[in-house]
Amino acid sequence: MDKRDTLKMLTALSQESRLDIFKLLVRSGHSGMPAGKISETLDKVQNTVSSNLSILSNAGLVTSKREGRSIRYFANLDAMRDLLGFLMEDCCGGNPADCAPFLDEVICI
């Protein structure tokens with residue numbers, strides 16, 4: 001991960017609705033959620049949710065899978081782990097391998 005990717009992810013998460021969507025998808029785990037259910041759960045307009053999902057997807061934080069006429073969205077926990085790793089790479093005296101056990105505990109993969 002580089003600075004550009006990190007900034008793209010942080011920018012995507014820096015808006016309240018997008019952060020809410022990402023956190024909801026994290027809670028939904030491996031089952032993910034269809035866009036309509038995300039909209040309904042967060043009580044947000046569907047086209048706004050779709051725009052926000054697009055931004056999160058472009059940042060690499062969300063993946064999707066088409067299911068017939070619907071699209072199911074998932075939090076990309078690997079990308080979140082990479083982001084946290086990048087942010088913490090200078091911890092532990094500049095030994096990022098020392099932080100790996102912490103990251104493994106934080107991210108349920």
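Serine 17 touches Lys44 and Asn52, leaving aside residues up to four places away in sequence; contact means heavy atoms within 4.5 Å. This serine 17 is found in helix H2, and it counts as buried because its relative accessibility is 13% (buried: under 20% relative accessible area, 1.4 Å probe, protein chains only). The model is predicted: local features need pLDDT of at least 70, side-chain atom pairs count only at pLDDT 80 or more, and totals for chains, interfaces and linings use all residues. Residues are numbered from 1 along each chain as its sequence is written, and side-chain values use heavy atoms, with hydrogens and water left out.

**Helix H3**

- Helix H3 spans residues 35–42, and its buried residues are Ala35, Ile38 and Ser39; helices (H or I, at least four residues) and strands (E, at least two) are DSSP runs, numbered from the N terminus.
- These buried residues line one face of H3, because they fall within an arc of 95 degrees when seen down its axis (the arc of the directions from the helix axis to the C-beta atoms).
- The partners against which they pack are helix H2 (16–28), strand E1 (33–34), helix H4 (46–58) and strand E3 (70–75).
- Aspartate 43 follows H3 and has a positive phi, near 55 degrees.

**Nonpolar core**

- In the largest nonpolar core, which has 21 residues, Leu25, Ile38, Leu53 and Leu61 touch the most other members (a set of buried Ala, Val, Leu, Ile, Met, Phe, Trp, Tyr and Cys residues joined through side-chain atoms within 4.5 Å).
- H2 supplies the largest share of this core, four residues.
- Leucine 53 touches Ile21, Leu25, Ala35, Ile38, Val62 and Tyr73, not counting residues up to four places away in sequence.

Conventions:
Buried < 20%, exposed > 50% of the residue type's maximum accessible area, 1.4 Å probe, protein only.
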